[in-house]
Amino acid sequence: MSIWAKLQELPEQGQHAVQMLYGDHFPIVVRGALAHWIEEKPWKELDIDNPQHEQYAKSLVASFVQEIHTKANNEENFLMKLQLIEAAKNFTHNYANNPFLLVNAVNKCLKNELKIIQLAENSFMRLDVKADPDQEIGEQLEMLRRRTQESEDERRKMQQEQEQFLIQYQESQKRQSYIQQLSTTNQQSTELLNKLKTEKDMVDAALRQIAQGLMNMRINWIKRMDGTAAALHALQQKVLDDELIRWKRAQQLSGNGAVFDNNLEKIQEWCEAVAEILWQNRQQLERVETLCTQVPLQSSPLEEISIYKQKITNLLSSLVTSTFIIEKQPPQVMKTNTRFTSTVRLLVGGKLNVHMTPPQVKVSIISEAQANNLLKNEKVLANESSGEILNSNGTMEYHSATKQLSVNFRNMQLRKIKRAEKKGTESVMDEKFSLLFQSQFTVGGGELVFQVWTLSLPVVVIVHGNQEPHAWATVTWDNAFAEPGRVPFVVPDKVSWIRVGEVLNMKFKAAVGRELTIDNLRFLAGKAFRNNQIQEYDNLYLSWGQFSKEPLSDRNFTFWEWFYAILKVTKDHLRSLWNDGSIIGFIGRKQAEEMLLQRPKGTFLLRYSDSELGGITIAWHGETQERSEVFMLQPWTGRDFVIRALPDRIYDLKNLLYLFPDIPKDQAFGKHYTPFSENQPQPNGYVKPMLVIQIPG
């Protein structure tokens, strides 16, 4: 069965999803009318980068148009006939010189059709096919290129008409001079004079007609520019405020472990296309302004031209300043006197030929208050800084292979930091800074000068390794809960647990591999709220203080310090055991005892310690002379696992028989044991001893 036939059998919701795939670029009426022809062509096999395929793509477009015409000629339905004829005309105009645009459009539609069919066949409750931003933006760019070209064609016609006007005007002036000359001589001929006056009147009439035509052309050209400027503004807003902001937010979330779908190359492609169209329209406005100045007429559009030129220049300025971005962020927990890197890129630098005079980029570190003032004033104050950075100046370079204008700072180092006065319970790990990247360059041979700057994600500066956990708490909270367009660097003081749980799960999964279970998150919620009796946590709000400032009950460390230490020891030493499911981990002492007492003696489980930071303990069902009992081994930490790995320690303890619920321990941990080898003397002549774990008694 053909794809089109399957689509017609979809429920109403699915058919609506199919309808949303099509538009003016590829009308659904054409898809239906030529369904069999479309599906049998090798669209997927055509490669835009293969020159040999270009000729075939052109012939395919020509055949497509011919098929539409044939279908239209045989169509009895008048409305359908008109729609097909209009589609054929648009295809020729839009795709004849760029056949791969049509190839890509057909490929995307067919691919999404198959996706919709697959979703329907898998009995998904909801068919959610979102508009493809690549396709949507591509269509708008193509429309704007067409409008810009049409405006240029009209401008040239206007210029030709104006040149014709000037020729006629010169002719009129000659005749006027000749008439005046004849009128002042005694040898004037009335008949000749009248003839010349008649001819001049005819020329003047033609001049008035040309002038009127010129005025109409100027008015219509300005009207067209109004539509173009509005469309450019809307498209630029979509690219910058939707796509680029989404990329920046995804970049920030990746700091918490989120998967980063880095589509910066596509965003650069869009930005460059918008920049090119803006520049072309700006040049057109200047040329039309020159034409209007050369031949002033009534109802001069010079004022409107000046307004649109300013609008286009403002759009260009906004595009340039917004696309000066940090491609690779500096470390968000930054230790003084430690080397770090960062990369800055100007997305439209190549298209605007900024690299012809390579811009210098300067880096400084500023405080939260300074960042606030910067955004309020939108101006960088000279020498304003909160620290000293080594190797903080660089030159942007153009890489022709990737078409990128960027500078990679490879050896920066923060030497000094100037801190603000602390209030209340604030510590240096609560204080946020930001790296300020700034540059200046010209466009259009010095015609436009741009001063650009951008701020890095918030940075917490530390001087000792023991400050790292709290610093990461500040960064994690900021990355997760910062709102777009916020005042630097304001974050909410309270957040719903469901959002906090998502962040903890994200970080744990990124660091270790296997995500947290619902039971794990429920245990963490009880720990964070200091209450294990609450059943529903999702809608409760956890404060920043509970997360990272206030010690846990009967402990001298916070919830975050406890969680961070577990994350670190699991990542460094227990990753494979966690991913195997061998570690229950997030379980309370009482619950562990209840579970083990229901299992045979020798059954054990691994749980994270409540009292020891980064500790993991073994709870096992043993017995004394009087009764069965659950024992808890003193927790081990990363320092212990450097000496002897956890699986080897479990191997040493002969009273541990089954990993909860009933897995023989050698089956669970055998593949993780360190292979035994004969203890031969080392090159230095010594025999290396091996430590074995024992439980006294």
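Author: Let's start with a term: two strands pair if DSSP finds at least two bridges between them. The model we are reading is predicted.

Reader: Thanks! How do I read such a pairing, and in which sense do β5 and β8 pair?

Author: Strands of a sheet pair through backbone hydrogen bonds, either parallel or antiparallel. Here β5 (residues 387–390) pairs with β8 in the antiparallel sense, over four bridges. To place one of these partners, look at leucine 390, whose bridge partner in β8 is glutamine 413.

Reader: Which other strands are joined to β8?

Author: Strand β3 (residues 339–346) runs antiparallel to β8 (residues 404–417), with seven bridges between them. There, arginine 345 has serine 406 of β8 as its bridge partner. Strand β7 (residues 397–399) is also antiparallel to β8, joined by three bridges, and histidine 399 stands opposite glutamine 404.

Reader: Now whole sheets. What is the strand order in the open sheet of four strands?

Author: The order is β6-β4-β9-β10, with antiparallel pairing. The strands β6 (393–395) and β10 (448–455) each have a single partner strand, so they stand at the edges, and one side of each is without a neighbour in the sheet. From one strand to the next, the twist averages 25°. Within this sheet, seven bridges join β4 (residues 360–367) to β9 (residues 433–443), and serine 367 is partnered by phenylalanine 433.

Reader: And which strands stand at the edges of the five-stranded sheet?

Author: First its order: this open sheet runs β16-β15-β14-β17-β18, with mixed pairing. The edges belong to β16 (628–632) and β18 (663–664), each with a single partner strand, so one side of each has no neighbour in the sheet. Five bridges join β15 (residues 616–623) to β16 in an antiparallel run; glycine 622 has glutamate 629 as its partner in β16.

Reader: Let's turn to helices. At what angle do α8 and α9 pack?

Author: Two packed helices are described by the angle between their axes and the distance between the axes. For α8 (residues 133–184) and α9 (residues 190–254), the angle is about 160° and the axes are 8 Å apart. That makes α8 roughly antiparallel to α9, since angles over 145 degrees count that way. The crossing is left-handed, and the contact has 26 nonpolar, 10 polar and 16 charged residues.

Reader: Where is the kink in α9 centred?

Author: The kink, of about 25°, is centred on isoleucine 245. Even so, the 65 residues of α9 reach 92 Å from first C-alpha to last, close to the 96 Å expected.

Key
Residues numbered from 1 in each chain as written. Predicted model: local features only at pLDDT ≥ 70, side-chain atom pairs only at ≥ 80, totals over all residues. Heavy atoms only, no water. Axes fitted to C-alpha atoms, helices over the stretch in contact; angles between N-to-C directions. Helix = DSSP H or I, 4+ residues; strand = E, 2+ residues; numbered from the N terminus. Parallel < 35°, antiparallel > 145°, perpendicular 65-115°, else oblique. Left-handed = near helix turned anticlockwise from the far one by under 90°. Nonpolar A, V, L, I, M, F, W, Y, C, P; charged D, E, K, R; others polar. Expected span 1.5 Å × (residues − 1). Bend = angle between axes of the 7 residues up to and from the residue.
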